[in-house]
Structure formats: C-alpha cells, structure tokens
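Grab a pencil: here are a few exercises on a multi-chain model, each with a worked solution. Try each task before you read on.

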Amino acid sequence: MSIFLNGVSKTYGGEVVAVRELDLKCPTGQMLALLGPSGCGKSTTLKMIAGIEEVTTGEIWFGDRPVSALPPGARNIAMVFEDYALYAHLSVFENIAFPLRLRHLPKRVIEERVEGMLDLLRLGDIRDEKVRKLSGGAQQRVAIGRALVRDPDVILFDEPLSHLDADQKVQLRTEIKRLQQTQGLTSILVTHDQTEAIAMSDAIAVMDHGVLQQVGSPQELYETPANTFVATFIGEPPMNLLPARLARKSDVLFLEGTGFTLPLSAQKGAALTATNTTDVIMGLRPEHIALAPETPLEHQAVMRGEVFFREHRGDTDVLLVDIAADGTTARVSADIAGPTALREGASVALAFDDRRLSLFDAETGTNLLTARAA
Amino acid sequence: MTSGLHLQSIAKDFLGTRVLHDISLAVTPGEILAITGPSGAGKTTTCRLVSGLEMPDEGEIFLGDTQLTALPASKRHVAHMFESYALYPHLNVAQNIAFPLTSPARNRRYKRADVEAKVVELTRLTQIEHLRHRLPGALSGGQKQRVALCRALAQDAACYLLDEPISHLDAKLRNELRGHIRRRQTKVDAPTLWSTPDAMEALSIGDRVAVLIDGRIEQLGTPEEIYFSPATTSVARLVGDPAMNLLPGAVAAREGALFFEREGVSLALPQPIAKRIEPVMGHGLYLGVRPNAMDIRDGGGPGTLQMSVYAWEPFGKYAIVTAKLGEDLVRIKTHRTERFAANQPIAVTLDPTSLVVFDGTTRRSL
Amino acid sequence: MTATDTPPAGAASASPPRLAHHRESRWYPYALIAPTMITLTVVALIPFLYMGYISLHEARYGQLRDFIWFQNFATLLADPRFWNSMWVALVFVCIAVPIEFMLGLIGALLLSQKIRFRNVLIPLLFIPSMMAPIIVGLVWKTMLAGSWGFVSYNILENFGILKETSIFASPDLALYGIIFVDIWEWTPFMMLTFFAGMQALPVNPYWAAAVDGANPVQIFFKLTLPMLAPLLFVIGLLRLIDAFKVYDTIFILTNGGPGTATESPSVLGYKYTFDFWNIGQSSALAVVIWLIFFIFCNIFYQVAKKRLNVF
Amino acid sequence: MNATVTAPLPAPKTKPKRRYSPTFTLLVICYAILILFPVFWMWLLAFKPETVMFARPTVWLFEPTLDHFRYLIDNGFHHYLINSIIVSGLSTLLVIVLGTPAAYAFARYKMKGRDDLFLFVLATRMAPPVCLVIPFYLIYSKLGMLDTYAGLVIVYLTFNLSFYVWVLSSFCRDLPLELEEAAMTDGYSRLGAFLKVLLPLLRPGITATAVLCFIFAWNEFMYAFLLGGQNVKTLPVAIPSLITTQGVRWGEMAIIGMVGTIPVMIVVFVLQRHIVRGLTMGAVKG
C-alpha cells in the first residue's frame, strides 16, 4: 500500500508551524526514512500518518484511500516506538497477542499467528517472560512482533533503535531491514541518525524546521545534496564545508580557498554559468580527500596543514587537519586509508580534485551545481 | 617515588557478586588510558573506585605516593565527570563549572577573575559560551554533557576521570572535542581515565586502551595492538565497525598445509598462522575475519566461501552485506555498490593475511 | 595541583586509617535519624506501651488499680457496643470507600479530557479534603441538620423526605448521612489522585493501542486499569485506614447517636474514656484498633515499596 | 494520553483543532460548584442576621451583619486564632528541624533495620488519635502539661513528624545520588554536599511538606479538645463550645469555619502540585 502526503501542514494554536506543505510518496514495499534533527517535524509527520495527530491542512492517502479523516484504529497501520511502548503488565506472548485479542479473534488463530511471530523474531524462548525484565533489543523485537502480527498495510518506526546500545543497534538494524525486504513491508522510519536512515531505507526525506529539504535515494543525497544542511547531515564523518571564492581568469573558472587554488573543469564551469555569485561554500567529503602524492597531479589542489586529531576507524583513519594560510584557518577532516602513523602535530599535505566536490551558495546554502533542478 | 595512578589488584563486590576482578592499571601523568567494554562491564565502577565513591574490597589505589584508598572522596582531588552529568540543577552553567573550583578542599584559592576566565575558555571550546547563564533544566542532553565536561576539565586535579564524556554530541563536535581534550590532557601533569562503550572511540582517544569485559581486563595495550591482535574473542567481538566475524571450526592438516574446516568450508591457512596453530591441532578454533578483509566475487572459484545474503545495507561509499554461512551470520564490508537481494547466493573471498585465530576453548588468540 | 603535590605526606604513612570514611558512614545515617527516632519513641512508642500497660489493669477515673491480665479485653469482646462499633466501621468503610473509588475513577477520566481552567479547578477540588474535618461536619450540619438545613428544607422536604426531622436524627439513616459527608469530603481527592496517577502513565502504549484499533472502553479496561492497579490498591488502603479513624465529623454531627447508630470505634473509645471514665476498657479497645492498623500499615508499606517503586 | 480516553474525532478539514472540550469543562465546573456550594453557604451564614439565619423559605438577600464578629471578639475568641497559629507554627518548626535529617537519611542510606524503622514511622502516622490520647491524657495530667502550648506542640509531633519524614523522603529520593557524589568529588564533605547542593534543591519539598504539616495541626481537633483547655483552646475546639445551653450560635460557628478554611484555600492554590503527594504519603507524585 503506497503512501502519499499531499501538501500536509501542521500548525499548533494557529501559530507554531510544526510541518509546512509536505509532499511525500512512499511506494508499496519500500521504506522511506524521515531524517532530521530533533524538532524538525519528522515525528509530527509520522504521528499524522498514524492518525495520532490531526492534519491541519493537506491530505494523506494510503493507495487510493484518503485517510486523513480516519482515526488511527481504522487506518490499518502499526507503529513501533522509541521506548517500545509495551504493556508492562503483560508477558511477551500477550503483548504480541494484544492487537488480535482486541479484535476478538478465535483463540486458535491467535495462538497460531503469535507463535509464527515468535518464531520469525526468535522470541520463542522468552514467550512467557514479563516484558519489563527483557533487554532493550528483545523488548523492541516484541514491539515489532506486536506491530507485524495483524498484517498492517503500513508500519511506522519511530526512532526504533535509539534506546539500544551499539551492539544491539547493529543487530536489530539488520533484522528490521531483512524483515522489511523479505516481507515487502511498506514502512516509514523516523530517525535522527543518518547511518540508520542510509542503511535501512530506500529513500530518505531530510527535514529541517518543518520543511522538507530534499528527498531521494541515499545515493542521491550523498552525492548531490540540495543544500548545506543536507550535505552536513548525510555522511559520516560529515562533509567539509569550506568558504571559497570563484574567480575567472582567462575563461577558466578557479576556486580559491584557504591554502589552495583549483581550476574547475569545463563541465563544472558550465554548470555555474547561471550564477554570478563569487562567494561560495565548497563541500568536500572527507573520503574524497587523500594524502597528496609527492608530485601533485595536474587537476588536483593541495592543502598543507597540521594534524589536529587522528580518529581510528579500523580500515581508515579520519584526520582532522588544521589548514592555515593567508591569515585564515580552516579545519578539514580527511578520511584516508589507514592505519597511518600520523598523530597529532604531524604536518600533512592533502589533495583533492574537482570531480566529487559540491559548491553551495554562501548566502542561501543551495547547491549551485544542481540548482537548476530545484 | 612513583608518579601517576596505580590500581593494584583491585576487586569489588556488589551484593555478594564480584563485579571487578584483579584490576591492575598504571597510568602516567599526561597519559590518557581509555577503558572500553560493553555496558555493565565495570567501567563506571572502576572510575568510582578511583574517585572514592566506592571502596575496593581488595587491592590498593595509589596516586603518586598517596594511598587514595585511605582518603574520602572530598580529599582526593580527582576530577570526575559522571556519565549522568550530575549537574546541579539550581546553579547555572557558569556556576556549575565554577563549583569545584570554589570548594573548601581545594588547596589553591582562585581569584574570581581566574574562575571567570576558565569558564569562558572551556565554554568557548565546547561551544556553549552563549549558554553560560542558563540553568541545566533549559539545556539539551548534548549541552548538559558539555557542561559536565567543562566542570571536570576546569579543575586542576590530580587525576581526571571522564565517564562517557562525549557520547551525546554530534559527530563533528565529537571529533573536534576529542582533539581538544587530547591536546589538553597530554599537557596536564595528571593521568586521565576515559571510559567509553565505543571501542573505536577508545582506540582513537587513548594512548593505551584497556578492554574490560565482565569485570576483568581482557586486554591492555596500544590501540594498534587491540585492533590488529585482539587477545580474546570477546575483544574481537567488540572492536571494529562492524566488529570482527568469528567463525567456529576446526583445523585439519592435508598435503603439508593446514586447513580451516567447517561444514562446507575448507580454507588453506597461510604459513605464519599455521605455525601458531600447530600446538592446538585438533582442537576447535575460531577464525576471526574482519568485515573489510572480505569481498564479494563474481562467480565461485577455488578459495571462495559460498554464502547467501541475509540483509544488505548500503552506506554510499560502502555497503554492509550480512550473509549466512551455515548457521552463522557474517558481515562483509564491500565497496561494491549494486543491490544484493535477500537470499541471493554470493561467493566471498577473504584476505588471508589479516586473519586472526582463537583457541576454541580458551577463546584466546593464538 | 598535580599528582605530586597532593595531600600532606602523613597521609601516605605506613598504615593509614583504611576505610576511614566507610567507618564514618556507618554511624552517620543513624545520627541523622536519631532525633526523629528518639522523639517518636517518646511521643508515640512510650505512650503506646503505657497504653498496653493500662489495658491490663483495672483503671477508672485516671487511677490505675489491680493488674487483671486480659480481663479488659474479655469485657471488651463481650460488650455489644464494641461489636456495634466494629459493624459501624465496617459498613462505613464498605460503602464509602468503594463509592469514592468509583466516582474518583470516573472523575479522573473526566479531568483527563481537554478541560479548560484546569489550573483553577483542580485546587478548588482539594478544598473539601483539606478542610478541618470538624468544619466539614459544621458545613453539613448547616446543610442537612434539622428541618432547617439548606438541603433538608430546599430539596429533601420538597420530595417529602424526612419532613420535620433530620437525617442525623434517624437511627436508620444517620450512618448513611455520615457516609454521604465522607463521600463529599474524599471523592474529589480520589479524583485528583487518580488523575495524577494517570498523567504519570507512559503515553506511547496508548498510542500503540490506538493504532492497534482499541476502543476507549478496551483502552480503559485493558490498559489504564491494569497500569494503575498498584496505585489504586495503595490509595484504597490509605482511605481504608483513614475511614476507620473518622472521629471529628461524627462528633459534631451525631456524637455517635442516635443511640449507637453512628458509634465508630474512635467515638466509642472516646466515650469509654471520658464519659464512663473506664480507661482500662478504652485502652484495651485502643490496642485492638492499633493491631488492626498495624496490619493495614504493613500491607500498605509492602505494596507501596514493591509495586510503586517510590519507597 | 488525553486524546486516547475518548475516541479520536475525525479531523476537521482545514480549521486548526479546538484545544478544549466545552462539554467536559462545563461538567467539571458544575461538579466544582456542587462540591463548593456548602462551603459557600457556611460563609454566608457568617454574615446573616440571626433572624434570617434559617428562615423558611431560605432568604438569599439580606443585609450583612457584623454582630457575630462582635460577639466573638467580645468573648475573646481571637485568642483561639492566636493559639492555633502558635501551636501549629511551633510544631511545624520543630518537625522541620527534627525531621529533615531523618528524611534525608532514610532516602539515602542503606541502614540495618531501615525498613522496620521506616514502618514504625509510618505506623505512628497511621495510628488513630483515639489510641494515643488516653496515655497522653494520663501522662500530661501527672506532669501538669494539660492545657499548655508545649503539651499540644509535642502531641502534634506524633502525626506530623512521621508524615514529614515520609513525604520529604520521597522528595529526597527524586534527587539523583550523583549530585551529592559529584559535590564530594568536587571537594565537599558529606555535610557540605548536603548543605550546598541537596538543601537548596529540597527547599520546595520542605516548604510543601511543612505547609501541609501546618494545615494538619491547624485542622486537628481531638487532641486539642481533650488535651487543651481554657488556656490553649484552638479554633476547631471553639466550634463545639458555641453550642451553648442558650442555643447554638450558628453565625459565630460559621465565622470560625470561615477563618479556619482561609489558610486551607491559600494552601491549595499555592501547593496544588504537592497536595496529592502529601496526602498519599508520597505514593503518588503530583
């Protein structure tokens, strides 16, 4: 069952706008992530889809059925909460059976379906335990069981992993991803963690202050962020944003920043003809920066600086490098193949080229290279 | 004359259960020792023993020549940052940070201006300068954590204990603060203990790292030692993003070479490893394979493992494929960008040079 | 300060006082509770023991005479007035408390709706249970007493009920009058307590149930009630204990009358002491009441500790 | 949770949703009026001339009189008010001084026999006054403490001290232990940590609990009635003394009822959040 949001807005008391004019689509069998910092309106959006919050203006459709006026119970959705929201006074089995009992299904049917869920989620061993005694991961699996047991059209995940410790987080993330794919669940995931969003969903909608910033596949968001907000929100470690200037010298467009000058390729230059801004922000992913070779290649720019901190990431090292030039300083993070012997204070030369960099308007923050599309 | 922090064979019981066993650590002034381990391993208890909030049931703690175990918490001059922040709700941010500086036990009197200057410096460093006059109740979790961090770092303490100091900050700030704190603490003439459940953070921040599991130090060493040669399977399971895969199996000798064998798998082991295994021939063992030491190959072929995809998580620059090998789940960090569907069969190669082998019974590295 | 210039050298000497602050903390809490415990021993325990001592004596008019073992208790248990007072207490508790409970729950549900002026209304509802019980009695005397009370005249008489008399003057109805007053006094409080309890319940299970399609009745019986159960139990018990103690209101409204129709154990105790001056007898009654209370107290404490996680 | 008690209503098309339900608001207001009318009626009596006091039919409009006030003052009833204030105030002060450390200790320390001691404290609170009034009467009559301030102040400790310790303990338990631990690692002694950190944070709890203690003492009748006398008569005790052989002085009683209720009214508005907690011995957090 696909989900459509059509110009959905939510205002409180006629003044506070929680969500503004939101258009979204989640095709059948896919997972759409709503990603953003706390207070960006993603949870409100989810609650409107669930029917817990009313839509102020706009409409929500499930397939060809408008649901904005329906109470939550009539929408055939299920929801998984951050704090599991289990019924503390009931056992694992009874928690999963709860939605079925509400419908007064025959005992045998309930047994059968709950047992099926217990198997699917590997909860069989603890079926009779009281839920409050379980670990966070187990509790969340019970909550997922309760959500899936009655075969909902849509399943909504509200920060399902945020209360779990790292180990359980990774496990359950994989588990949910697999369930979603194998069972073909149409689902919406609300999260503030970009890793979760990227790993789990087919499409991501990035929100900030109630406004949709960009929606697209994780790959799109990663490669062509629509603005600086999306750029810093997606990717770990986050994209470097460095102030720079565009200068035209004899028909070639140059990018000048702290400690580097880089001639831009004709293709990039062409994309920039529409703009007359000179002050830009250069967006550069840490993984697209490398240690400079002895003799830099022709189209590469080189920045020299001092290592401020080296973060150990196993197969790579993330270096925070302080670049100082022309009286300005910039701190650049570079994700380079590791492990390196570089520690704090070591001087390094970093190289990057213009193929993977993004350029944003210094004032509005919009991506200058994709601005036409927007 | 010794200097630095020494924990000598510390043991601690809670309600009749031993939660810390024979903990011995030495941290020199200017060194950061990172303690990592799963939750409940005893990291926080270790910190509390040093600051005097708990008393050890066995063993002694020395700081320089001073026996800390004899002193009450208020006389130890230890800066302790609590995992739960423990901010004083009735004091604003600046007053919270200044609180330990004005306590009766400090043997140095701070001038008002000095206190003020310290508060400004640290709040600027942690980017909460504009919040100096707010009460903790009006702060977000991340902001509170930074206040607690400032309160600990502001002190001229004999020892610093930082219990999960930056876990609630965003990635960018986390990285920057790690840099700042490392620089600060390596210059201070006092040892620092940094506790974190995130093993990768421990490897990044610590001069040395202690891996604490179930109240025991499983391994104590440099970040490189911990990462490349984990001492036990428990350490291996903790370190890495994602952590190392551990495959149970057995060793068999054939045609003059050693093979790792398990159902449907037979893998020739490289010479250096084989040498180390010889003494435990015939025992069960675990083969440790890092997720980035494997890759997915088109088509089968000799030396590949046949698996089926369990789940696929694309991260842009790489993807993590969880695959089923027999009954075990294996995580593979691949740079291939195409989609892998659930249950799709794949052939996996592994880089034999980065394998680690663990004894099947002792679970120790060979 | 650094590792080397910390405390004076003496601290590091051969055998320092180990566990110094441990030893301190062992007596420290007792020192803190000592003033309270001593005071309570003097003002509660000793009088209580003294009362036990009196109860074993023939004691009239403030004079302790012979030691008579448990004879006072025997007389007490043989006294129909004692059993009457127990019956009065039982009827009182069994009618008043459940009604207050039900009305309280309904009221709490009402309060959880989107009520305007809640901040003003809630304090107003506290007034009856915070007022002096003696004034509560007075208020209802002006309402119900005689045929001139506001309610008796304006309402009851219009329906031909209790003409030219008062509910408190009727041996059959007086107890119900008292019960009514108690309900007036305590229902709003029950309402507010349950309301506070409901506010403290987690929100998400409610949403989960709403999404699962539960209707309000199912939500109330399958979610709210079970989650509130420990609280309800503790409050019920507390009211039970309080209802047993009721004295002031009865004193001013009926003083146990007419006859012994509203003679609660407290009122009877008072009469044994100050009307008949039989202190031995009243002490025996007090001991019996104490025992009943102690059992209730114990249950309250155990439940509150285990189920509410607040003690 | 509010939204879930009634079935969620279908969303109105475009209007922002109404926040309040007029029906339920009206219901609660009606209920409040019903509850408070008797109190209001009593207040009216305070100003009603004797002639129309219980006139049939009920007189609503009358010229207010201050005769009842005059009678009370002429007969020295204002002393009772002062007595009430002195006795309640003193006993409350004493309770704060004695009880605060104990409440803290019960909340913070694992002592041997802590549960039994705590239960003992609770039991003294729960005990019906009729149980203790007999021995007190005998003891006081021997010590000559009947009809003295000290006598009442002490006897009020029986219920207020234990109440205070119980409820304040529950406030203490709300404060994380780490606050004190932090203060101790920051260089403060146990006492210093208590004074500098815990006490300021406990102040609202102490105030609320103490004010409730004051009200309980203020409202107390039985002990005051039996252990007081002509010298130390409190307001509640004044009420039955107005039932005289010449008849019942309703107007005067109503005034005392009114004066007795005024502090209660103030308290419920100031302390509303804490009353539930107080009256349930801390079992419900308001």
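**Exercise 1.** Does B:R208 count as buried, partly exposed or exposed?

*Solution.* First, the ground rules. This is a predicted model, where local features need pLDDT of at least 70, side-chain atom pairs count only at pLDDT 80 or more, and totals for chains, interfaces and linings use all residues. Residues are numbered from 1 along each chain as its sequence is written, chains are lettered from A and ligands numbered from 1 in the order in which they are written, and side-chain values use heavy atoms, with hydrogens and water left out.

Next, the cut-offs: buried means under 20% relative accessible area, exposed over 50%, and partly exposed in between (1.4 Å probe, protein chains only). With 24% relative accessibility, B:R208 comes out as partly exposed.

**Exercise 2.** Which parts of chain B does the pair B:R208 and B:E31 tie together?

*Solution.* Start with the pair: the side chains of B:R208 and B:E31 form a salt bridge at 2.5 Å, N to O. (That term takes a side-chain nitrogen of Lys or Arg within 4 Å of a carboxyl oxygen of Asp or Glu.) Now place the ends: B:R208 sits in strand β9 (residues 208–213) and B:E31 in the loop between β2 (17–27) and β3 (32–36), so the pair ties together parts 177 residues apart in sequence. Helices (H or I, at least four residues) and strands (E, at least two) are DSSP runs, numbered from the N terminus. As for cover, B:E31 is buried at 10% relative accessibility.

**Exercise 3.** Find the salt bridge between B:D328 and B:R262 and describe its two ends.

*Solution.* The side chains meet at 2.9 Å, N to O. This pair links distant parts of the chain, with B:D328 in strand β18 (residues 328–334) and B:R262 in strand β12 (residues 257–262), 66 residues apart. B:D328 is partly exposed at 23% relative accessibility, while B:R262 is buried at 15%.

**Exercise 4.** Which residues of α3(A) are buried, and how do they sit around the helix axis?

*Solution.* List them: A:I110, A:V114, A:M117 and A:L118 are buried. Looking down the axis of α3(A), they fall within an arc of 100 degrees, so they line one face of the helix; the arc is that of the directions from the helix axis to the C-beta atoms. Then turn to the other side of α3(A), where A:R108, A:E112 and A:D119 are exposed.
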